[in-house]
Amino acid sequence: MSSRSGYPVVLTSEGSTASDTFGASIAGFISALPDYYIRDWVARLYFQVKSDRRGIVKRAPYGIAKVHASLARAGIDAVIADPNKLDKVVGPSTKVLGIYTMDPLGLSYGSGIVYWILTLAGLRYAGTPYISKSFLKVLDNPAVKRNRNGMKIVVGGPAVWQLVDTGMQAKLGIDVVYEGEFEEDGPAVFKRLLAGEAVPAVVTARRPVPVDLIPTITTPAIGGLVEVTRGCGRGCQFCTPTLSGMIRSIPFEGHVDKEIRINIEVGGVKEIGLHSEEFFRYGAKGIDPNPNKVIDLVQKAYKLVKSYGDDYGITTDFTTAAVAVQARKLVEEVGQYMNEGGQMNFIEMGIETGSPRLLAMVMPGKVLPFKPAQYPDIVENAVGILNDSGWIVVGTMIINLPGETDDDVIKNLELLDRLSKLRIMTFPLPFIPMGALRHRDFTVLDKILENPLREEFVLRALSKAMSEAYADADVVTAKMENPVVRRLIKHLMHAAVGFVLRRYKEKLQSMEPRRPTAPQEIKWKIHV
């Protein structure tokens, strides 16, 4: 169908999520800054989206690429559109607009971290997180509003809980929120909407999708992502991958290899990201890793990408501390393929807490096959192993977990001390009861900082994270495709992070060490 009258099904996402930020996905983190700092002209330059003259993207967020492939398999023709060119694809013939979102109301962990980064540096926090603003801009797009009467809006992604829990779904005019994995149940929702049938306001996937129902992408993914596993199976109560059940591994032949080729041959990427919630458990049937399966995957992927040239490579994104210690030799061998020639890459690790007591209470599977009492040792050893194998760890630690006492926070501080000499960015994440959230409501974040011990933890964790970011500016910007942009962003990063670090140092010097005389659980009374 001609784009003049619009395509029947259009898929898109918030502008910041649709951008590959010059080829370096990690640089997209600044989308959590409020729009006070990211003015529209800055956003147009920084969050560029590669698309053709029709408004069709050349690379898409991986989640949208999977939705697109699932719809195509079900016989539904859809396009993935540049959110900045919706006027070229949305028209009178558009029946369904699907929007993928990572943080629609600016209430996710990333926005909370940025709020703390600015607040503790004495910097002004004003406006809406840009990632949220770019989502709202899609809904307010003139082409969307002009054709709204004949069109249904479906929103999906890992943060759609924000729209449901805050009651903002109806206020924003969103017809359907889709929660969970899309491939099995999602296409039927689109078919019903196209047929004019009624669909519930919230649709939740029935179960984790079996591997044989997961299609291969046909649109290249931002960051060259290729999914190799789904789920985790460790059972942490607060974690989204837990909803995806036990780990499922996706076969190389006929799936992973196809997506690698699409990303390289059509997307033009030179680095393939083997995406997993816990990469070193690829091929595992339970908690214990299967090293032979992992090495087989890595060798095949490495051989395939190198067939395109010596400057092509592979990497991965997530691990746990437990598996890194349990399978040290495996980590070291994989590092030789992914971090060859002494290069460094980032890998994320959910540390969550330094308190064995909290670990046993909220996430006992996190440390398996080890014991909760061993966890601080496991984390320290894991970061060292990963560093030695070529990875800089991005480690997240949650503050304000249910049942948390001052003694638990002290355990967090003690773990930070143990990690101080290692290459790790320690980001403190606020645990916030979802039902208590409202748009731009940072009340709980402020209350956490009102507690002296917790403020000290957040400040020390951010100081370590910012110090490591300053030292690793070359690694952060290395994948940016434009050398001029790479140098400029590195310069700006050093200036901004250096300023924040000086503020943090002054604040830490003014602090008295806080050690309570007795454990005390902190409780919040939240007014909504």
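A: One term before we start: a residue is buried when its relative accessible area is under 20%. Also, this is a predicted model.

Q: Okay. How many residues of S1 are buried?
A: S1 is mostly covered, with 5 of its 5 residues buried. Val9, Leu11 and Ser13 lie on one side. Val10 and Thr12 lie on the other. Both faces of the strand are covered.

Q: What sheet is S1 part of?
A: An open sheet of 6 strands, in the order S2-S1-S3-S4-S5-S6. The pairing is parallel.

Q: Which strands stand at the edges?
A: Strand S2 (79–80) and strand S6 (202–204). Each has a single partner strand, so one side of each is left without a neighbour in the sheet.

Q: What holds strands together in general?
A: Backbone hydrogen bonds pair the strands of a sheet, either parallel or antiparallel.

Q: Back to S1. How many bridges does it share with S3?
A: 5 bridges, in the parallel sense, between S1 (residues 9–13) and S3 (residues 96–100). Val9 has Val96 as its bridge partner in S3. Ser13 stands opposite Tyr100.

Q: And how many with S2?
A: S1 and S2 pair over 2 bridges, also in the parallel sense. There, Leu11 stands opposite Ile80.

Q: Which strands does helix H5 lie across?
A: H5 (residues 130–139) lies across S1, S3 and strand S4 (152–156). Its direction is at about 180° to S3. Helix H9 (residues 186–194) packs on the sheet too. H9 touches S1, S3, S4, strand S5 (176–179) and S6, and makes about 165° with S5.

Q: How many residues of H5 are buried?
A: 7 of its 10 residues, so call H5 mostly covered. Among them are Tyr130, Ile131, Phe135 and Leu139.

Q: New topic. What is the order of strands in the sheet with S12?
A: S12-S13-S14-S15. Those 4 strands form an open sheet with parallel pairing. The edge strands are S12 (318–319) and S15 (424–430), each pairing on one side only.

Q: How many bridges join S12 to S13?
A: 2 bridges, and the two strands run parallel. Phe318 stands opposite Glu348 in S13.

Q: What about S13 and S14, how many bridges there?
A: 7 bridges join S13 to S14.

Q: Why is S14 described as largely enclosed?
A: Because 9 of its 9 residues are buried, S14 is largely enclosed by the rest of the structure. Trp391, Val393, Gly395, Met397 and Ile399 point one way. Ile392, Val394, Thr396 and Ile398 point the other way.

Q: Which helices lie across S14?
A: H4 is one of them: it lies across S14 (391–399) and S15, at about 100° to S15. H15 lies across S12, S13, S14 and S15, at about 175° to S13.

Q: At what angle do H4 and H20 pack?
A: About 65°, with their axes 9 Å apart. H4 and H20 are therefore roughly perpendicular to each other.

Q: Which residues meet there?
A: Trp116, Ile117 and Leu120 in H4 meet Val500, Tyr504 and Lys507 in H20. By class, that contact has 5 nonpolar, no polar and 1 charged residues.

Q: Now the inside. How many residues are in the largest nonpolar core?
A: 101 residues. Those with the most contacts inside this core are Ile260, Phe279, Phe280 and Val334. Helix H18 (residues 452–471) gives the largest share, 9 residues. A second, separate core has 27 residues, including Val10, Ile56, Leu97 and Met168.

Q: What does Phe279 touch?
A: Leaving out residues up to four places away in sequence, its contacts include Val228, Leu297, Phe318, Val334 and Met338.

Q: Last one. Is Met363 buried or exposed?
A: Met363 is buried, with a relative accessible area of 0%. Met363 lies in the loop between helix H14 (356–362) and helix H15 (375–388).

Q: How far is Met363 from Ile64?
A: They are 299 residues apart in sequence and 30 Å apart in space, C-alpha to C-alpha.

Notes:
Residues numbered from 1 in each chain as written. Predicted model: local features only at pLDDT ≥ 70, side-chain atom pairs only at ≥ 80, totals over all residues. Heavy atoms only, no water. Core = buried A, V, L, I, M, F, W, Y, C linked by side-chain atoms within 4.5 Å. Buried < 20%, exposed > 50% of the residue type's maximum accessible area, 1.4 Å probe, protein only. Contact = heavy atoms within 4.5 Å. Axes fitted to C-alpha atoms, helices over the stretch in contact; angles between N-to-C directions. Parallel < 35°, antiparallel > 145°, perpendicular 65-115°, else oblique. Nonpolar A, V, L, I, M, F, W, Y, C, P; charged D, E, K, R; others polar. Pairing = 2+ DSSP bridges.
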